[in-house]
Amino acid sequence: MRHSRVQRSSVQWGVSLAIGALVSCLRVGVFPPAQAGVLISEILYKPALKTDRTEFVELHNTEPQGVAIAGWRLEGGVNFLFPEGAIIPGGGYLVVAEDPSRLKSRFGVTALGPFVGRLSREGERLTLIGNGGLLIDEVDFQGGFPWPTLTGDAERSIELIHPTFDNDLGGSWRPSVAVGIQPASTVISKGGEWLMLKGTPDASAVGIAWRSVTFDDSGWTKAKLPVGYGETFVVTSLADMRSGYTSILLRKTFVVEDPTKVSGVVLAAQYDDGLKVWINGKAVGSVNMPEGEVGLEGSALQALEDASFKEIPLVAPAQALLKGVNVIAVQAFNSSLGASSDFFADLTLALQQDGGGSGGSGPTPGKANSVYSTSAPPAIRQVDHRPREPVSGQKVVITAKITDPLGVRRVQLDYQLVDPGAYLELNDAAYRTSWTALEMNDAGIEGDGVAADSVYSATLSADIQEHRRLVRYRIRADNGAGNGVVAPFSEDPQPNFAYFVYDGVPAWKGSVIPTAGVAPVIYGTN
């Protein structure tokens with residue numbers, strides 16, 4: 001668990017702390033550090049302008065009581081000694097800045113500082129040390145995978161998703177998305193008009209083609225959302241759904257002017273009970289649903305009783321976007337055919353863009369993190385392939401360490417073969433479609449070294465490895481709650497790992513003075 005380092009030290013603090021000091025702390029509602037859930041929760045290490053002095057480190061107190069931190073130290077790439085009277089209020093935040101006045105003008109927050117030093121854009125080890133040398137917290141972040149990758153011109157920090165998550169794991173952090181700022185483009189608003197097809201048996205003729213941009217939906221019904229039954233807020237009634245069918249199909253188009261500038265896609269939904277989501281035919285989201293394809297007659301995993309809008313976790317949605325017209329396709333499911341008392345669905349879609357301005361992304365120093373969530377996908381790290389430089393006819397084993405407190409349900413390797421002269425640009429349509437899926441395992445078989453060690457493996461056969469062939473790959477994982485992730489992460493400008501099969505320079509012959517009859521020498525045979 002996240003607070004183990006602090007908890008292990010509580011005895012030594014109890015021994016070393018004077019009774020009088022403890023009583024004094026209790027009187028003002030401030031607990032000694034041994035009982036304090038203080039952690040590093042946000043870091044801005046990469047200002048949009050290198051010369052802008054906006055770097056900061058944010059501390060968060062997860063306990064209801066205030067914590068006195070006078071005499072504590074922040075060490076690593078930057079150093080700071082917390083002064084007398086420094087307190088983090090219960091549930092509150094404290095920011096240490098490179099330049100407090102600049103941070104005030106930039107983000108409107110009062111901070112301590114200035115700290116000494118600067119944070120490296122390549123990564124840094126930050127250590128929070130309490131009185132008596134007690135290690136309170138430590139974060140060893142990197143400037144790229146398996147940590148978030150900060151790209152674009154907009155100012156962004158890295159933020160801890162939830163204070164109970166291990167903040168020394170890159171998968172527990174995400175790039176900031178400013179709270180309270182309207183996304184750059186809300187392309188679909190709640191209560192909008194969609195095209196709908198009821199999931200009755202005669203609807204099966206649409207197959208999976210209904211998810212694509214080119215599908216002819218002219219015969220579908222126009223429906224204003226929320227659609228459903230059994231709730232007063234429903235606009236389009238489905239009076240025949242109960243005992244008639246368990247799902248509906250929804251389609252709506254939206255326009256993207258420049259997909260390369262989209263840094264994030266935010267889908268929020270009001271739903272009962274489950275959803276599967278595609279953008280331009282690519283599966284990007286699933287919530288409260290079984291894995292894989294689910295037919296019209298399928299149902300959600302369980303009944304839900306929550307009518308609020310909730311953000312839906314998506315897997316690499318920005319990579320599915322096209323320039324111009326795009327289609328989002330949603331299959332909404334009830335939990336049962338006849339036993340459910342209600343069903344409803346409504347959705348919103350927004351695109352986030354780098355580049356600053358009112359629709360940009362930005363840090364949230366001194367307040368709740370913009371990426372806050374009680375759930376997160378599995379943490380993927382230590383991605384590797386062996387041998388590092390394969391030659392023709394060699395098997396290649398790809399491995400990744402993947403963990404999740406809820407358990408890892410499935411891990412999949414996607415690989416793509418690129419032959420000499422047939423290079424695929426990242427914006428080529430074929431780049432998005434020409435992938436082959438292969439299950440990864442942690443069972444100690446098929447190339448996996450040790451069973452149940454959280455290292456998942458997949459073996460690419462020897463016949464795949466051909467001289468001068470580029471092999472791209474990426475890794476998908478989801479957990480017991482259905483939260484999925486793809487590595488490299490969606491914000492990474494390089495959306496795949498890769499290796500190059502190379503047998504070396506072939507043998508060749510040459511002569512120093514060919515016209516003088518000097519015998520040629522053959523090179524490259526040894």
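Let's start with an open sheet of three strands, in the order S26-S27-S30, with antiparallel pairing. Strands here are DSSP runs of E with at least two residues, helices are runs of H or I with at least four, and both are numbered from the N terminus. Two strands pair if DSSP finds at least two bridges between them. Strand S26 (379-386) and strand S30 (455-460) are at the edges. Each has a single partner strand, so one side of each has no neighbour in the sheet. Between neighbouring strands of this sheet the average turn is 20°, direction ignored. Those angles rest on axes fitted to C-alpha atoms. S26 and strand S27 (residues 396-403) run antiparallel and are joined by six bridges. Look at Ile380: opposite it in S27 stands Ile402.

A word on the source. This is a predicted model, where local features need pLDDT of at least 70 and side-chain atom pairs count only at pLDDT 80 or more, while totals for chains, interfaces and linings use all residues. Residues are numbered from 1 along each chain as its sequence is written, and side-chain values use heavy atoms, with hydrogens and water left out.

Now the whole chain. The protein chain has five helices and 35 strands. Of its 526 residues, 49% count as buried. Buried means under 20% relative accessible area, exposed means over 50%, and partly exposed is in between, with a 1.4 Å probe and protein chains only. The accessible surface is about 24,000 Å², and carbon and sulfur atoms hold 54% of that. That area comes from the Shrake-Rupley method with a 1.4 Å probe. Now contacts, meaning heavy atoms within 4.5 Å. Among those with a separation of 6 or more, 72% join residues 24 or more positions apart.

On to the inside. Which residues have the most contacts inside the largest nonpolar core? They are Ile248, Val265, Leu275, Ile328 and Leu347, in a core of 38 residues. By nonpolar core I mean buried Ala, Val, Leu, Ile, Met, Phe, Trp, Tyr and Cys residues joined through side-chain atoms within 4.5 Å. Elements giving two or more residues to this core include strand S19 (247-256), strand S21 (274-279) and strand S24 (324-333). A second, separate core has 35 residues, among them Leu39, Val78, Val139 and Leu160.

Stay with S24. Eight of its ten residues are buried. S24 pairs with S19 in the antiparallel sense, over ten bridges. There, Val256 has Gly324 of S24 as its bridge partner. S24 also pairs with S21, again antiparallel, over six bridges. Gly274 has Phe333 of S24 as its bridge partner. Now zoom in on Ile328. Beyond its neighbours within four places in sequence, the contacts of Ile328 include Trp194, Leu250, Phe254, Val277 and Leu349.

Next, the backbone exceptions. Most residues other than glycine have a negative phi, and most peptide bonds are trans. Here the bond from Phe145 to Pro146 is cis, with omega near 5°. Pro146 is in the loop between strand S11 (135-142) and strand S12 (158-160). Ala487 and Pro488 are also joined by a cis peptide bond, with omega about 0°. Then two positive phi values. Ser243 has phi near 70°, and this residue counts as exposed at 53% relative accessibility. Asn280 has phi of about 55°. Asn280 is in the loop between S21 and S22 and counts as buried, at 17%.

Last topic: charges. How many salt bridges does the structure hold? It holds 22. A salt bridge here is a side-chain nitrogen of Lys or Arg within 4 Å of a carboxyl oxygen of Asp or Glu. Take Arg102 and Asp52, with closest N and O atoms 2.7 Å apart. Arg102 is in helix H4 (residues 100-107) and Asp52 in the loop between strand S2 (38-44) and strand S3 (56-61), so the pair ties together parts 50 residues apart in sequence. Arg102 is partly exposed at 28%, whereas Asp52 is buried at 14%.

Arg118 and Glu98 form another salt bridge, at 2.9 Å from N to O. These two are 20 residues apart. Glu98 is buried, at 2% relative accessibility, and Arg118 is partly exposed, at 38%. Both belong to a network of salt bridges that also links Arg53, Glu55 and Asp99.

How values were computed
Axes fitted to C-alpha atoms, helices over the stretch in contact; angles between N-to-C directions.
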